[in-house]
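Hi everyone, thanks for coming.

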Amino acid sequence: MMLSIYNTLSRKKEEFKPIDPNEVKIYVCGPTVYDYFHIGNARSFIMSDIIRRYLEYKNYNVKFVMNLTDVDDKIIKKSIEEKRSSNKVAEDYITAFMEDIAKLKIKKASVYPKATEHMTDIVDLIKALESKGYAYNIEGNVFYDVAKFKDYGKLSGKKTDDLEVGARIEINEEKKNPLDFSLWKKAKEGEPYWDSPWGNGRPGWHIECSAMSCKHLGETFDIHAGGNDLIFPHHENEIAQSEAAHDKKFVNYWIHFGFLNINNEKMSKSLGNFFTAREILKLYPAEAIRLAFAQTHYGGPLNFSDDLLASAQKGLEKLNNLTEKILEELKHAPAGGVLPDLEISEFKQNFESAMDDDFNTPQASAVIFDFVREVNKAISENQNLGAEFYSGLLEFLRKTAEGVLGILDIKSITDKEHGALESDLIELLIKLRTDAKQNKNYALSDKIRDELKALGVILQDSKEKTTYKISKN
Ligand code: AMP
Ligand code: ZN
């Protein structure tokens, strides 16, 4: 089936055709690592993860690159506040970022390029722009000359004339044009710097993404994504840099995520109206957060609230209960039992046509919940359903709810069940030991206690009853 994607560049849905028919190359703008990321950032990260998982579901190899901005004004500010190097600040928040995305069940990127590890690529790209006349140097500060790039504004739809009228001219800037932006910033006292043909300094933010995407995905690649706030100026500037340097189209499909809002205002660090992803993960499982996000199309705004997550969690109970039931039934369902009148392939088709329509996750999640309802009905109306039926159900859920949307974790349900079985077995042994003691069979009761101890299960006797604790070592 054909996948269509809404392309910010053309402002319409287009049929998706990757450059290489087997491999899709995606670049997503990642975090600036100066703090824990908030649940608004998490929306962009989760929706890009779902897009990637669906492309993999469609059997593409996906090369997924997410950059880490590890040199930036905000990182420097934090390092001054905390009296430690900006390197250390970035390093700690990269570790926290990796922990949080793993908890959100976001698949690891193929590469997480860091700006500080790509200085040669960045400097080379600025040199190329300078030699082609797109960049100018004013005493160690290098700027991009926006007037030279005739397509400037094609992504955001902004016209340079309107922009110039609206732009504020920053004080102490010697730029030719207020729209010109920094490619290289001259080092200031106490800031980290790198050597360059223009003197010591550090790169501007936009050039990092142009240099790192080219290094890892080539001069032209398939998909570039990020939040709506990045369309202008960040992505507009990336296009200006990459296309001027390479004389080639930079990206074929631009995908932008709507904001996660609070009281209809964008959640952001600067407004102070944010919750970190780690705070929310203490209250709700990753699956509930992912379902809450999947129930709104990635392109539209979404208002964040406690109700949003609570109702997603409630919905998940139905899915988890059904999965538990399937796993249970699979233990004793007969081979060649009854097959009810329920076409799993129809649900699969509906799921795929929803996702093929510009990753319509609200529709795709609705298909999963229709499925839960219909399967429950079939189970209650039929007896002796066969193993083949149950394994078909599990397979469908494994590929869609778990594999693509990430709103189900089958292993955690199996583990929970095993955990319940384990405690039932320990209780049974405790009961047998109590019986042995009552029968004065102390050899047996001691043997049970010692053998359990060897397995790390410590029995604690009190007057009324025996309890146990598990010792990890
Ligand atoms: P930052 O660390 O601010 O550069 O943001 C990392 C990613 O999160 C970028 O793709 C942003 O566009 C995205 N982002 C930031 N705030 C929000 C929000 N409130 N809702 C959705 N995405 C956001
Ligand atoms: Zn970027």
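Let's start with ligand 1: one of its nitrogen atoms sits 2.9 Å from a polar backbone atom of Met267, a polar contact, meaning a pair of N or O atoms within 3.5 Å. Taken alone, ligand 1 exposes 490 Å², and the protein buries 91% of that, with areas from the Shrake-Rupley method and a 1.4 Å probe.

A quick word on ground rules. This is a predicted model, where local features need pLDDT of at least 70 and side-chain atom pairs count only at pLDDT 80 or more, while totals for chains, interfaces and linings use all residues. Residues are numbered from 1 along each chain as its sequence is written, chains are lettered from A and ligands numbered from 1 in the order in which they are written, and side-chain values use heavy atoms, leaving out hydrogens and water.

Back to ligand 1. An oxygen atom of the ligand lies 3.1 Å from a side-chain N or O atom of Asn41. Which part of the protein gives the largest share of the shell? That is α1, with four residues; helices here are DSSP runs of H or I, at least four residues, numbered from the N terminus.

Now the zinc ion, ligand 2. Its protein donors are Cys29 (SG), Cys209 (SG) and His234 (NE2), 2.1 to 2.2 Å away; donors are N, O and S atoms within 2.8 Å of the metal (3.2 Å for Na, K and Ca), and with water not among the atoms, sites may look incomplete. Cys29 lies in the loop between β3 (23-28) and α1, and Cys209 in helix α6 (residues 205-217), so the pair ties together parts 180 residues apart in sequence.

Key. Polar contact = N/O pair within 3.5 Å; in protein donor to acceptor, adjacent residues only side chain to side chain. Helix = DSSP H or I, 4+ residues; strand = E, 2+ residues; numbered from the N terminus.
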